[in-house]
Amino acid sequence: MIKQPIKIKELSSSERITNFSEVISGYTEEEAIKEAKRCLQCKNPTCIPGCPVGIDIKKFIYQITEKDYKGAYFTIREKNNFPSICGRVCPAEYQCRKACVMSKKGLPFASPQAINIHFLERFAGDYGMKKNLVAPSNKDKKLSHFKVAVVGSGPAGLCAAGELARVGIKLVIFESLHRPGGVLRYGIPSFRLPRDILDFEIDYLKELGVEIVTNFIIGRLKALEELLTEGFSAVFLGLGAGTPAFLGIPGENLCNVYSANEFLTRVNLMSAYKFPEYHTPINIGKHIIVIGGGNTAMDAARVALRLQKINGISPHTTILYRRTEVEMPARRLEIDHAKEEGIKFNFLVQPQELLGDEQGYVQKIKCLKCSLGEVDSSGRRRSVPIEGSDFEVDCDLAIIAIGLKANKILTSVTPALETDNYGDLIVSPETMQTSVNRVYAGGDIVGGEGTVIEAMGMAKKASQAIIDCLSK
Amino acid sequence: MKITEKKILSEAGGTRIIQLKVASAPIASKVKPGQFIVLMVTEKGERIPLTVVDKDKERGTVTLIFQEVGLTTKLLGRLNKGDCLFALVGPLGHPTEIKNYGKVILVGGGVGIAEIFPVAKALKEEKNSLTTIIGARSKELLILEKELKNFSDEFYITTDDGSSGKKGFTTDILKELLSQGNYDLVYAVGPIPMMKKAALVTKDIKVKTLVSLNPLMVDATGMCGVCRVTVGGEVKFSCVDGPEFDAHLVDWDELAKRNRIYEAKEKHLCNLYKL
């Protein structure tokens, strides 16, 4: 008999929309053991290949059943530097959980029966954090005189810095913003990733001796070549996908039309939700429309709804998506949370134009209804606008969350760095080395938008290549 | 990020224009005319962009000039020599293309006068013939008069009230000059209505005209897109594609509207903090 999955405790939806506190509270020890015991401990586990970095999931889950939480923590740490972060933000239902034998087959994402691997990872990660477990550093005297620069302090950069510092290499991270963390700081809201978790990981790097230089833009204040000639033996570029894409339809520059990046940065990095104590303003509408179907769209919508609630505006936030719920790239968990919180979904809708009032503020969005067509290159059915199906929706604040493109601030001034048609860096798949000798890259600047865990996987690979290169 | 010098350049009717020198050897060694920085006064503050007016490579300082308008500039104005900024990042944006254009007219309005200063200095070094027009509401609000005069072959002042130079607007003089002679470039920085007018004046006679725009910014590295402007029908990010653009192609009305998005909140902040 297959036991029912152990439900995770969450703040009630009515409570959580009044603040930015973490929604999920995590398993207790007892709950974690119960959930871990549901694992069949397959002879040939399918979940492990489902993990982008190949965590020994079977083993760490077994260790939890044995109450060897420390062991579980270190099993995860072998492959993943930030279990507490990944346990919270990994799209597990598309990865390890989808591959779990308990999940029904043929679905685009895991069914609820799949083992809650991510919640168990989070349990082990938080245990390690609470007990201050430190992955053993393996300082190599031969490497201690090398200095490596990491550009960008998002998931890829933080991971590479940790990997390299642990073997004794002197590490300097350059971050352009005033606080480190990259997308974990400016993009992901604190109700999904509490900032003390991020700060813990950053503090740990500092304890390892990593120097973090904020307010420093490589490509502006220092050229890549200068880093290489001024004592850095290698450079890792974790630049991220930092430029918001827009729809390219009329009215997109009307007032109160935000990119999701701007909206989230104002709230997450600049604390605009605490205006006027914090001075960065943000506008809040009565009819907020978020366009897009990814995690960023969910984050933006859920932040927007909270801002409405906190400011005494009756919550009214709608997501417009051109396909249906099944094709949405967002995590199922986030979609469910968004629904519980009262976000409305309007599927099979394609915006045509944003219409404004005389002062230049957005007032309505003109849309077309769509139907689903053939499967496209993304493997999902494409949306086909239906002619003559025009309709308008009220909208006094719009957030465009349709994806991100490469930020060209460094590549545009560094012609030696080869990029593809999207502006992403071209790297050797084995070593993650770019077209410039001793310069490596990983994360969203390689191959476009991906997940935190994928970014870390690339960073680990690059770090190993750097270590191999310096050990020669 | 330490303030090494503070000077109140002008004070009239509750408006102050202040000059700060801020220590940042790396920025001072890299910054070029036309580029800007972003700063935060306090940890709870906004990120605001300011043009780098001058630099001192030896002392490792950059010069910033600003008018106290909103809360952030007012808080910045309260800082004194020895105080530190919370954050300072730059240089940002594309530098001005400095070369020998021939005959150049520089137009500076209000605090925009400060922004034409580094360009004037650099263009003079390239042996351009410079005609400078500066304007402000009144005599007290004119800044860098002596400094700009030094670089200029011809120099004009206008004030709205006629308290210094010619009564009227900088663009009146611009129009007059263009009707009398040929020029190769007009470089204009000031309030949006002034830049828009300058663009109008030079458009018919097809004189290349550059403006440095001042839209709202947050990160100023191309990440948020709040500074997007329509230039020649295309959306550009002022922070990474600009801040200079061809004045004839800028959608001025859109920019003016977008710059007012937070006007009410700004007023509320100033009232609340009694500044």
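Where chains A and B meet, the contact draws on 36 residues of chain B and 31 residues of chain A; two residues are in contact if their C-beta atoms, placed from the backbone, lie within 7 Å. This is a predicted model, where local features need pLDDT of at least 70 and side-chain atom pairs count only at pLDDT 80 or more, while totals for chains, interfaces and linings use all residues. Residues are numbered from 1 along each chain as its sequence is written, and chains are lettered from A and ligands numbered from 1 in the order in which they are written.

**Chain B's side of the A–B contact**

- Elements of chain B giving two or more residues to this side are helix 1 (25-30), helix 2 (71-78), strand 6 (87-92), strand 13 (228-231), helix 8 (252-258) and helix 9 (263-272). Helices (H or I, at least four residues) and strands (E, at least two) are DSSP runs, numbered from the N terminus.
- Strand 6 of chain B supplies the largest share, six residues.
- By class, this side of chain B has 19 nonpolar, eight polar and nine charged residues. Ala, Val, Leu, Ile, Met, Phe, Trp, Tyr, Cys and Pro count as nonpolar, Asp, Glu, Lys and Arg as charged, and the others, Gly among them, as polar.

- Chain B has domain 1 (3-92) and domain 2 (103-258), with bounds from an automatic or database domain assignment.
- The C-alpha centres of these two domains of chain B sit 21 Å apart.
- Their contact takes 20 residues from domain 1 of chain B and 19 residues from domain 2 of chain B.
- On the domain 1 side, strand 4 of chain B gives the most, with five residues.

- Chain A is assigned domain 1 (13-130), domain 2 (141-242 + 406-471) and domain 3 (245-403).
- For domain 1 and domain 3 of chain A, the C-alpha centres lie 30 Å apart.
- Ten residues from domain 1 of chain A and 13 residues from domain 3 of chain A make up their contact.

**A helix pair in chain A**

- Helix 5 (residues 69-77) and helix 8 (residues 117-130) of chain A pack at about 105 degrees, with axes 9 Å apart. Axes are lines fitted to C-alpha atoms, for helices over the stretch in contact, and angles run from 0 to 180 degrees between N-to-C directions.
- Helix 5 and helix 8 of chain A are therefore roughly perpendicular (65 to 115 degrees).
- Tyr69(A), Ala72(A), Tyr73(A) and Ile76(A) from helix 5 of chain A meet residues of helix 8 of chain A including Glu121(A) and Tyr127(A).

Technical notes. Angles under 35 degrees count as roughly parallel, over 145 as roughly antiparallel, 65 to 115 as roughly perpendicular and the rest as oblique.
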